[in-house]
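Please consult the sequence and structure shown here alongside the text.

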Amino acid sequence: MMDDKKSGDPLTSILPPRSALRWRRLLITCLIVVPLLGLLAFGFTRDARYISSPLIGQRAPDLTVRLFNGDEINLGQLRGKVVFLNFWASWCLPCRTEARELEAAWRSLKDKDVIFLGIDIQDREEDAKAFLREFHVTYPNGRDLSGKVAVEYGVWGVPETFIIDPTGTITYKHVGTPGNEIISVKIQEARTGLVTAKEGKGSYQPIR
Amino acid sequence: MGRRLIPAVIFMLFAANAAAQQQDLEEQVQKIASELRCPVCQNLSTGDSPSELAQEMRQMILSQLQEGKTPEEIKAYFVSKYGQWVLLAPTPQGFNLVLWILPFVASGAGVVLVLFTIRRRAKNKRKHDPTTPSELPFEVALKPTRASLSEEQLKLSAELEELDFDFHSGRLSEADYRELRKEIEARAVEVRKKADSLAPSPSQAPISAPPIPPARKAREVRPATGRKNWQLVSGGLFLLLFGITLGVFLSNSLRPRESTQDTLTGDFLTGTGPGGVAASSKSELDSFLAQGRSAFERHDWPQAIEAFKKTLAIDPNHPEAHTYMGFILTQAGHPDGALLAFDRALSINPDFPAALWGKGMLLYRVKEDFSGARQTLEKLVRIMPTGPERNEVQKTILELSQLAGKEQESGSKTEANRQSSVLVGGVISIDPKLKTQVDGPAVLFIIARSASSSGGPPLAVRRIDQPKFPVSYSLGPENVMIPGTTFSGKVSIVARLDKDGNPTTREPGNLTGEYKKNPVEVGAEKIDIVLDQVM
């Protein structure tokens with residue numbers, strides 16, 4: 001047993017200073033609580049709805065869509081060009097905001113080595129056509145009839161944009177409205193095959 | 001009879017087999033779907049989700065099964081599209097193993113801790129209870145002798161020592177320690193009293209009871225059980241109140257979601273908005289709307305925005321509030337936001353006159369989308385009653401149709417002009433005194449702003465990575481910020497050497513310079529700039 005057995009009086013046995021005990025307890029509590037709070041705080045900084053895509057830097061999944069003008073387009077045919085692949089829907093408000101910008105960007109870029117391709121998902125044909133008319137869209141657009149293309153590209157929000165370089169690799173993904181600057185910068189980067197691992201994010205709407 | 005039955009049995013077997021196969025396939029689809037997360041609902045499995053995407057995914061699972069793929073292959077396919085996120089149960093590999101093991105480890109540790117505590121409590125209690133017959137003979141308890149008392153005192157001091165030891169070695173919490181110690185002290189005082197009554201002179205006592213300072217004695221002799229009951233009762237009351245609060249308030253505040261972005265509690269937790277306990281009434285909505293209108297008339301934009309925001313918080317589908325927001329945003333120079341606001345109003349009520357007017361004028365004046373403006377305004381004219389206002393709109397439409405005609409004539413011409421013209425060109429160099437400031441990679445921005453307007457985005461920006469000075473440059477149509485903008489009049493040219501390559505931030509240490517004779521005429525050459533200022 002301990003030395004203080006000899007002191008005879010158990011009640012006056014030596015106690016460690018109270019403050020020291022309190023400090024030790026505080027320290028242990030902090031060691032448990034602080035990391036947990038840190039984890040919680042980290043969780044709050046993240047968008048819980050956001051789904052990071054594993055497709056960036058990968059070969060773009062093959063796709064064939066029938067365009068609104070009746071032609072059929074296959075991604076393989078577009079090798080050698082930068083492809084600006086945009087998923088949209090007529091019921092999506094952010095798609096309305098970006099529509100004018102995309103059309104303007106297309107008009108300034110269309111004679112170069114870039115092709116814009118819009119894919120309408122989860123939509124009715126007449127609504128989609130009205131949308132294209134309203135925003136005077138002139139770049140090729142098609143509908144994903146089966147919903148398979150959307151899953152192939154892991155689409156979960158609209159608008160969603162993939163930029164594919166001339167060799168067929170996805171170099172960039174943007175969820176939501178990209179804005180002018182990003183469109184031109186990322187297309188320029190795709191020309192050189194530069195991959196941006198971090199996805200861009202604008203205002204988006206979950207798909208249905 | 002038996003022979004006639006055979007074909008029927010075979011047929012039935014075959015049919016049953018096919019049906020069973022079909023059922024089997026459906027079960028398999030359901031099983032795989034239940035292990036995948038739905039990207040729309042996110043908290044439901046693909047099997048449970050009613051969303052369009054989940055239906056498509058189930059269809060894909062079915063067709064892949066029919067192709068002869070195994071469930072693992074199908075799941076791997078979805079993982080390759082949506083990432084590990086799509087699996088409801090993360091794979092037990094790498095860091096994910098922590099998720100699988102930690103709960104078991106934690107509950108195991110919890111069980112051990114509880115068992116340990118119970119055992120030590122039970123042990124202490126058995127030892128400390130002086131009335132336990134096995135510990136103290138009946139007659140001793142009834143008629144204490146001096147010998148038995150001194151024995152008990154010895155026992156008490158031994159106990160106290162053990163207690164101290166346990167505490168110092170960390171096997172007892174401080175609260176437990178204090179409580180047990182108090183008990184022992186109380187008993188020590190009792191034993192001492194008894195000893196005193198047996199032997200009037202304290203000197204005759206063989207072992208003196210632990211000396212306790214009188215003040216402390218008075219405080220600590222209090223029965224421990226009284227305090228415990230009080231604590232128990234208040235704890236119980238607290239739990240009861242807590243439960244009632246949760247049950248009543250939380251269930252009141254929940255409501256069905258109106259859209260996917262809606263929350264389950266509305267804005268109950270923040271005390272605003274619809275659906276919560278403080279559900280706002282129609283009259284409140286009207287008062288906010290009136291406030292907003294009068295603030296709008298007064299041109300008090302911040303207050304108007306505040307009021308219309310509150311209106312929209314009560315009724316997110318209020319076309320008038322959206323329209324006013326659109327007008328305010330137009331005023332503030334945010335045409336895109338304004339257009340969205342007008343579109344929202346029109347998606348709720350396609351014939352809302354003010355929104356049609358706002359959208360039409362915005363397309364006409366700001367966006368210069370003349371045909372779009374005309375369509376919108378024509379729609380407005382169709383629903384407007386006759387009067388001076390209608391005439392006004394008709395006049396605008398007439399203007400627009402003239403403009404549209406002109407644009408078609410001149411459209412191709414201006415296009416050609418823009419393609420060939422160079423905005424400005426020249427050479428950029430660094431002031432020799434500042435050469436030392438340049439270290440490491442940097443990005444040179446050459447920025448052209450319209451001389452007539454001070455705010456807003458620049459007309460054109462050119463970016464040159466890791467420039468080698470002196471740099472010769474030219475700004476052309478490809479550097480235009482907003483595609484479709486034409487250059488005319490005078491522009492001012494500024495150059496900036498940015499250290500982090502982000503044009504929107506301005507760090508100290510960046511070098512800037514501007515053309516000495518700003519503004520310049522479009523098309524000018526030899527616009528040479530010297531970087532001579534440090535930010």
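## Chain A overall

Of the contacts in chain A with a separation of 6 or more, 74% are accounted for by residues 24 or more positions apart; two residues are in contact if their C-beta atoms, placed from the backbone, lie within 7 Å. Chain A has five helices and 10 strands, where helices (H or I, at least four residues) and strands (E, at least two) are DSSP runs numbered from the N terminus. Of its 208 residues, 36% count as buried. A residue is buried if 20 or more other C-beta atoms lie within 10 Å of its own, exposed if 12 or fewer, and partly exposed in between, with C-beta atoms placed from the backbone.

This is a predicted model, in which local features need pLDDT of at least 70 and side-chain atom pairs count only at pLDDT 80 or more, while totals for chains, interfaces and linings use all residues. Residues are numbered from 1 along each chain as its sequence is written, and chains are lettered from A and ligands numbered from 1 in the order in which they are written.

## Nonpolar cores

The largest nonpolar core contains 57 residues, and A:F84 and A:V158 have the most contacts inside it. Such a core is a set of buried Ala, Val, Leu, Ile, Met, Phe, Trp, Tyr and Cys residues joined through C-beta atoms within 7 Å. A second, separate core has 33 residues, among them B:A321, B:M325, B:A338 and B:L346.

Leaving aside residues up to four places away in sequence, the residues that A:V158 touches include A:F87, A:W88, A:C92, A:I121 and A:Y204. The peptide bond from A:V158 to A:P159 is cis, with omega near -10°. A:P159 lies in the loop between β6 (157-158) and β7 (160-164) of chain A.

## Helix pairs in chain B

Helices α10 (residues 282-297) and α11 (residues 301-314) of chain B pack at an angle of about 155°, with their axes 8 Å apart. Axes are lines fitted to C-alpha atoms, for helices over the stretch in contact, and angles run from 0 to 180 degrees between N-to-C directions. The angle makes α10(B) roughly antiparallel to α11(B), a description applied to angles over 145 degrees. Residues making the contact include B:F288 and B:F296 of α10(B) and B:F308 and B:I314 of α11(B). By class, this contact has nine nonpolar, four polar and two charged residues; Ala, Val, Leu, Ile, Met, Phe, Trp, Tyr, Cys and Pro count as nonpolar, Asp, Glu, Lys and Arg as charged, and the others, Gly among them, as polar.

Helices α13 (residues 335-348) and α14 (residues 353-367) of chain B also pack at an angle of about 155°, with axes 9 Å apart. That makes α13(B) roughly antiparallel to α14(B). Among the residues that meet are B:A338, B:F342 and B:L346 in α13(B) and B:G358, B:L362 and B:V366 in α14(B). The contact of α13(B) with α14(B) divides into nine nonpolar, one polar and two charged residues.

## Individual residues

A:H136 has a positive phi of about 50° although it is not a glycine. A:H136 sits in the loop between α3 (125-134) and β5 (141-143) of chain A and counts as partly exposed, with 13 C-beta neighbours inside 10 Å. B:H299, in the loop between α10 and α11 of chain B, has a positive phi near 65°. B:H299 counts as exposed, with 9 C-beta neighbours inside 10 Å.

B:I430 is found in strand β1 (residues 424-430) of chain B. B:I430 is buried, with 20 other C-beta atoms within 10 Å. B:I430 and B:F469 are 39 residues apart in sequence and 6.9 Å apart in space, C-alpha to C-alpha.

Methods: Parallel < 35°, antiparallel > 145°, perpendicular 65-115°, else oblique.
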